[in-house]
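Visitor: I have a model open on my screen and would like a walk through it. Could you take my questions one at a time?

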Amino acid sequence: MLFDSSIRKELARSFGATLVVLVTVVMTMMLIRTLGQASRGSVSPSDVMLVMGFTVLGQLSTILTLSLFVAVVSTLSRMYRDSEMVIWFASGRGLTSLLRPLLRFAWPSMLVISVLSLLVWPWANTQIQELKTRYEQRSDIDRIAPGEFQESANGSRVFFIDKDSPDNLAGNNIFIATNVAKKETVTSARSARLETKDGERIATLVQGQRLETEHDKPGLKISEFEEYTTRIGSAPAGSAEELSVKTRATHELLMQPLPAYRAELGWRIGLALAALNFVVLGLAVATVNPRAGRSTSLVFALFAFIVYYNLMTLGTSWVGAGRLGLGSFMLMLHGGTLAFSLLVLTARHNNWSLRRLWQRRSPT
C-alpha cells in the first residue's frame, strides 16, 4: 500500500538521523570516560580507542531502541500536526491499523537488538575485561616510566626512574619503596640494569642504599651496597579474578540458577522486549497538542525511555539480590508495559474516555 510505504520511508529517515546523532553523542561521552580511566591507570593509553569502540558496541542495543522509539513518536506526531492522520482516519482506517506498517519497519531493528543484547553484549564486555586485565597484570618493570612514580601489580611496591637509557634495559637514579609483612624498605641506587636468569627477570641495582623499618620494632636499619639484586616477577598469563557476570555467554546464564545470572539474563532479554514495547507505546501515546510546543512528544519519549530503563535496572538488582523472581519481574515490567500500551491503543482506537463512560453509567 502506498500509504504504508510512505510511512516506512519517513520512519527510516527519522530513524537514521536519530541514530547518527545518538551514536555521535555516546561516542563522545565514552571517549571522555575512557580517557579518564586511562589517566587513572585502569586502561592502557594505547587501548583507548579499542575500549571506546567495544563500549559503544555493547551499548548499541540501547541506542537502537531509543532511536526506534524517537522515530515512531516523531513521525506520528508530524502526521498529526500536518493533518495526515485525519486523512487516514477519514478513509475508514483506525489507529490500530498503523501497528502493522510500524512492525514491518521495526522487525529488522528488533532482530539486530536481540542479537546485540544476547550475543554481542557479553562479547564486547569480555574484550574490555581482557584489555583491562592485561594492562593491570603487566610486569613491574613494564610499569616503570621515566620521571613518574609507578605502583606494582599487587600494590606492595612503588618505583621511580629518573632517566632511561637508549636500550630500555637500564636506568639511572632508581627509587624503590616496598611495604610487605609489616616491614617497610626504601632502596635507592645510582643505576640499574635488567637481566634474565633461569626464566626470571632480575633487576641489579648498582651503588645504592637500603633503609629498613619494622612496624612493631623501633629503630632503622641502614645498609649500603655496590650491587643489589631483586627479582621482578612477571605477571601470570591468565586472570586471577573471575570474569564478570556481564562477560558470561547467554547459554551459560541459562545453565546456572544463581540470582546474579538470572538478573543478567533478565537484562539481556529485557533489552529485546523493550524494543517491541516502545513501538507499541509510541503508537499509543503519539499525539499533538496545538497549544504545546512541537518538542513535547519527544520530551515525553525521552522521559518514558528513562523511566523504563530505570525500572529495568531496579528490577534486575532485585532479581540479583533474590528479592524477586525472574519470571515475576519480566511479567510485571515488560508484560505490564505491553498490556498498558495495548489498552491505551485500544481506548484511543475506539475513542473511549472516562467522561463518556461516566455519562453512560450515570442515570438519566
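**A pair in a helix**

Guide: Let's begin with Glu264, which makes a salt bridge to Arg268 with the closest N and O atoms 3.0 Å apart. A salt bridge here is a side-chain nitrogen of Lys or Arg within 4 Å of a carboxyl oxygen of Asp or Glu. The model is predicted, so local features need pLDDT of at least 70 and side-chain atom pairs pLDDT 80 or more, while totals for chains, interfaces and linings use all residues. Residues are numbered from 1 along each chain as its sequence is written, and side-chain values use heavy atoms, leaving out hydrogens and water.

Visitor: Which helix holds Glu264 and Arg268, about one helical turn apart?

Guide: Helices are DSSP runs of H or I with at least four residues, and strands are runs of E with at least two, numbered from the N terminus. Because Glu264 and Arg268 are 4 residues apart, about one helical turn separates them, and the helix that holds them is helix 8.

Visitor: Are Glu264 and Arg268 buried or exposed?

Guide: Buried means under 20% relative accessible area and exposed over 50%, with partly exposed in between (1.4 Å probe, protein chains only). By that rule Glu264 and Arg268 are both buried.

Visitor: What is the distance between the closest N and O atoms of Glu212 and Arg210?

Guide: Side chains of opposite charge can pair when their charged atoms come close. Glu212 and Arg210 are both buried. They form a salt bridge, and their closest N and O atoms lie apart by 2.8 Å.

Visitor: Is Glu252 buried or partly exposed?

Guide: Glu252 forms a salt bridge with Arg248, the closest N and O atoms being 3.9 Å apart. With a relative accessible area of 31%, Glu252 is partly exposed.

Visitor: Which helix gives the most residues to the lining of the largest pocket?

Guide: A pocket is an open set of points on a 1 Å grid over the protein atoms alone, where a 1.4 Å probe fits, with protein on both sides within 12 Å along at least five of seven lines; lining residues have an atom within 4 Å of a point. Several helices each supply at least two lining residues, including helix 1 (2-39) and helix 8 (259-285). The most, 5 residues, come from helix 5.

Visitor: Which residues lie nearest the centre of the largest pocket?

Guide: The lining has 23 residues in total. Those nearest the centre are Arg33, Gln59, Trp121, Asn125 and Lys246.
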